[in-house]
Amino acid sequence: HDRIDAALIGLTNILGRPDPDVSAAAAALDHLADELRTHLAHEDVMLYDELITARKPAFGSAVDHFNQQFNVLRRDWDSYLEAWKPEQISANWNSFRAVTKLMIERLTERVAAENDLLYCTALQAGVITLREPQVAAAA
């Protein structure tokens, strides 16, 4: 999730620039799409499958709810990506900024929800273990 968060922040920063930067926005959008594809192909599939096979009704219910919500978000994300190619971004920068900010909010909320609920659920089910705190190396 940290990589997705970083990609979302990068795109948000580009949108906040005073002058439109279509090439940077398109590159940041491609990077975010790649991070999301990687996430979906690996982490979510493994995590959700493990929670479902834990055979605890609360976990299955949480996973079903998240999957239903995510199916809507995924359809919207796919439509968004199809609508906002570099040519459309260039021709409609202000609309792109507005729509992209809304999509960033939705994706940010999804990542936070996964962090808050699914990881807690996975910890309780014993699917994953708590990571040791990372100590920053002295420079």
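I looked up which element gives the most to the lining of the second largest pocket, and H2 does, with 6 residues. Helices here are DSSP runs (H or I, at least four residues), numbered from the N terminus.

The model is predicted, so I note the limits: local features need pLDDT of at least 70, side-chain atom pairs count only at pLDDT 80 or more, and totals for chains, interfaces and linings use all residues. Residues are numbered from 1 along each chain as its sequence is written, and side-chain values use heavy atoms, without hydrogens and water.

I read a volume of about 200 Å³ for the second largest pocket. A pocket is an open set of points on a 1 Å grid over the protein atoms alone, where a 1.4 Å probe fits, with protein on both sides within 12 Å along at least five of seven lines; lining residues have an atom within 4 Å of a point. The volume is the space filled by probe spheres set on the points, which are joined across faces, edges and corners. Of its 17 lining residues, Leu36, Leu40, Phe70, Trp77 and Leu107 are the closest to the centre. H2 (22-53), H3 (57-83) and H5 (93-125) each supply at least two residues of that lining.

Next I checked the largest nonpolar core, which has 27 residues. Such a core joins buried Ala, Val, Leu, Ile, Met, Phe, Trp, Tyr and Cys residues (under 20% relative accessible area, 1.4 Å probe, protein chains only) through side-chain atoms within 4.5 Å. H2 provides the largest share of this core, 8 residues.

How values were computed:
Buried < 20%, exposed > 50% of the residue type's maximum accessible area, 1.4 Å probe, protein only.
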